[in-house]
Amino acid sequence: MTVEKKTYNHETIIKLSGAINTPVTQDFMDAVEACRKDSPKKITFDFQEVPYISSSGLGVILRAKKIGNEIGSGVVLRHLSETVRNTMEMVGFIPLFEIED
């Protein structure tokens with residue numbers, strides 16, 4: 001998995017690629033934690049190139065929601081694959097986030 005983080009006009013976009021599983025979640029968490037410093041109005045995760053997300057990856061998404069709430073940022077999940085969307089639906093995440101296709 002790779003993580004690319006960029007901030008544009010008060011929006012931080014974290015582009016992810018590859019499977020998000022336990023061995024790689026630290027890089028993902030580091031990008032999320034860096035959002036505290038940036039304090040964007042919106043944190044967007046681009047999942048276009050993510051075929052799979054494990055429970056540890058879901059934990060990072062929940063952490064991002066908590067950080068977003070603390071700093072007043074909205075959290076957006078963009079370009080969810082069918083598999084990732086189904087996983088997030090099963091655990092009840094979809095109503096918690098803004099979803100963009």
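A residue is counted as buried when its relative accessible area is under 20%. In the predicted model described here, T25 has a relative accessible area of 12% and is therefore buried. T25 belongs to helix α1, which spans residues 25-38. A polar atom of the T25 side chain lies 3.2 Å from the backbone oxygen of T22. When residues up to four places away in sequence are not counted, T25 touches I20, S56, G57 and V60.

The strands of a sheet pair through backbone hydrogen bonds, in either a parallel or an antiparallel sense. In this model, 5 strands form an open sheet with mixed pairing, and their order is β1-β2-β3-β4-β5. Strand β2 (residues 11-17) pairs with strand β3 (residues 42-49) in the parallel sense, and the pairing extends over 6 bridges. Within β3, T44 is the bridge partner of I13. Helix α1 packs on this sheet, where it touches β1, β2 and β3. The direction of α1 makes about 15 degrees with that of β1.

Strand β3 also contains D46. With a relative accessibility of 9%, D46 falls under the 20% limit and therefore counts as buried. D46 and K15 are separated by 31 residues in sequence, but their C-alpha atoms are 4.7 Å apart in space. K15 is among the residues in contact with D46 once neighbours within four places in sequence are left aside; the others are I14, L16, R78 and H79. The side chain of D46 also reaches the backbone nitrogen of Q48, at 3.0 Å.

Aromatic rings form a further set of contacts. A pair of such rings is described by the distance of the centres and the angle of the planes. The count comes to 3 aromatic pairs. In one of them, the ring centres of F28 and F45 are 5.6 Å apart and the planes stand at 85 degrees, so the pair is edge-to-face. This pair links distant parts of the chain, with F28 in helix α1 and F45 in strand β3, 17 residues apart. F28 has a relative accessible area of 0% and is therefore buried. F45 is likewise buried, with a relative accessible area of 0%. The rings of F93 and F97 have their centres 5.9 Å apart and their planes at 45 degrees, so this pair is tilted. Both F93 and F97 are buried. Ring pairs also link F28, F45 and F47 into a cluster.

Note on methods:
Residues numbered from 1 in each chain as written. Predicted model: local features only at pLDDT ≥ 70, side-chain atom pairs only at ≥ 80, totals over all residues. Heavy atoms only, no water. Helix = DSSP H or I, 4+ residues; strand = E, 2+ residues; numbered from the N terminus. Buried < 20%, exposed > 50% of the residue type's maximum accessible area, 1.4 Å probe, protein only. Polar contact = N/O pair within 3.5 Å; in protein donor to acceptor, adjacent residues only side chain to side chain. Contact = heavy atoms within 4.5 Å. Pairing = 2+ DSSP bridges. Axes fitted to C-alpha atoms, helices over the stretch in contact; angles between N-to-C directions. Phe/Tyr/Trp six-rings, centres within 6.5 Å; stacked < 30°, edge-to-face > 60°.
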